[in-house]
Amino acid sequence: LSARYSYSSGVATYVAEGFHTLNLTRLTGLLVASVGVVTSATIARGFHGYLNVFVSVPEWLSISMLVLVLGVLTIWGITQSVTAVALMTVVEITGLLLVIWAGKGALISLPSEIPALIPPADVNIWIGILMGAFLAFFAFTGFEDMVTIAEEVKKPSKTLPAGIILSLLLATVLYALVAIVAILTLDQATLSASHAPLTDVIIASSNINPLLITLISIFAIINGALIQMIMVSRMLYGMAAKGWIWRGFAEVNATTQTPVIASLIVIAIILCLALWIPLVELAKTTSFLLLTIFFLVNAALIRIKLTEKESPAGIINNPIWVPVTGLISSSGLMLFQGISWLLVHI
């Protein structure tokens, strides 16, 4: 879809092309923006735990400073923002590789631990696992965000699909390895109670200075929040430019060449959410919204493939079972979460 329609409005454009319904298009775009602001708020709350390793400050102050500083950076310019993202991504990957290296002993022992990691055929246990999978889906927030800067990259029809696929594969491998190291290094009670889990894993598995991984974790958190801020401001700009929402969001500052009004609104909403909503609830909300978006995108692609007379030449053309599988898996996980919530609260 990013190869077919290379516009800043991203996912909203895909749904518009699939269903040609303005209200559904608006809803999709606002869902994407909601994911971005809720994700940024979630990440901002996680920032406090790692910062406290270095300096003890009130939670509201650390959250406020992070959101405001990153907000200024997004307004400053796309070149500065993307350069910062690229540098911090390198630091972030280095930190994850450091955790994996520190826990190499746990990885070596994995074959002998596999029997203990296989859950029994107990319905209650599997409900817990699937609820955990729903929450862990938050980890995949971000790889789809690059489509919102489609108008600011070279050869988007080739670079965007390649970037999405590579980032998804790399993230999956890195997160899987880090998760294995974490659960084999720390006991369940310690891991679930930790406010800085990567630091605790390093302390338990190696002689590496834990302050190093804490510092890297801070960079990773900053990076994640910054990416979401850029994405949401560009999404609002792209939708406004097409006339789908208030056109004021499409106003670009003559000096910075960035959508300042959209950025300021995004900063304010993120700050409110981060200061008042608990972290786990924010993460669950993000996962649900993201799955809803994936459902709509897959449905849009199915509709496009069924109605188009001929596929565009020179782009990736996936068979229809790909979006069908995506639609079923996304809706299935959403449905399970809804049922689980009802079982817990009734």
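## Helix packing and the core

Helix H2 (residues 22-51) and helix H11 (residues 210-241) cross at roughly 160°, and their axes come within 9 Å. Since angles over 145 degrees count as roughly antiparallel, H2 and H11 are therefore roughly antiparallel to each other. Helices here are DSSP runs (H or I, at least four residues), numbered from the N terminus. Axes are lines fitted to C-alpha atoms over the stretch in contact, with angles from 0 to 180 degrees between N-to-C directions.

This is a predicted model, where local features need pLDDT of at least 70 and side-chain atom pairs count only at pLDDT 80 or more, while totals for chains, interfaces and linings use all residues. Residues are numbered from 1 along each chain as its sequence is written, and side-chain values use heavy atoms, without hydrogens and water.

| Pair | Angle | Axes |
|---|---|---|
| H2 and H11 | roughly 160° | within 9 Å |
| H2 and H12 | about 50° | 8 Å apart |

H2 and H12 are therefore oblique to each other. In this pair, residues of H2 including Val37, Ala41 and Arg45 meet residues of H12 including Val266, Ile270 and Trp276; contact means heavy atoms within 4.5 Å.

What about the interior? The largest nonpolar core has 71 residues, of which Val67, Leu226, Leu236 and Ile293 touch the most other members. H11 gives the most to this core, with 13 residues. Such a core is a set of buried residues (under 20% relative accessible area, 1.4 Å probe, protein chains only), joined through side-chain atoms within 4.5 Å.

Methods
Helices (H or I, at least four residues) and strands (E, at least two) are DSSP runs, numbered from the N terminus. Angles under 35 degrees count as roughly parallel, over 145 as roughly antiparallel, 65 to 115 as roughly perpendicular and the rest as oblique. Buried means under 20% relative accessible area, exposed over 50%, partly exposed in between (1.4 Å probe, protein chains only).
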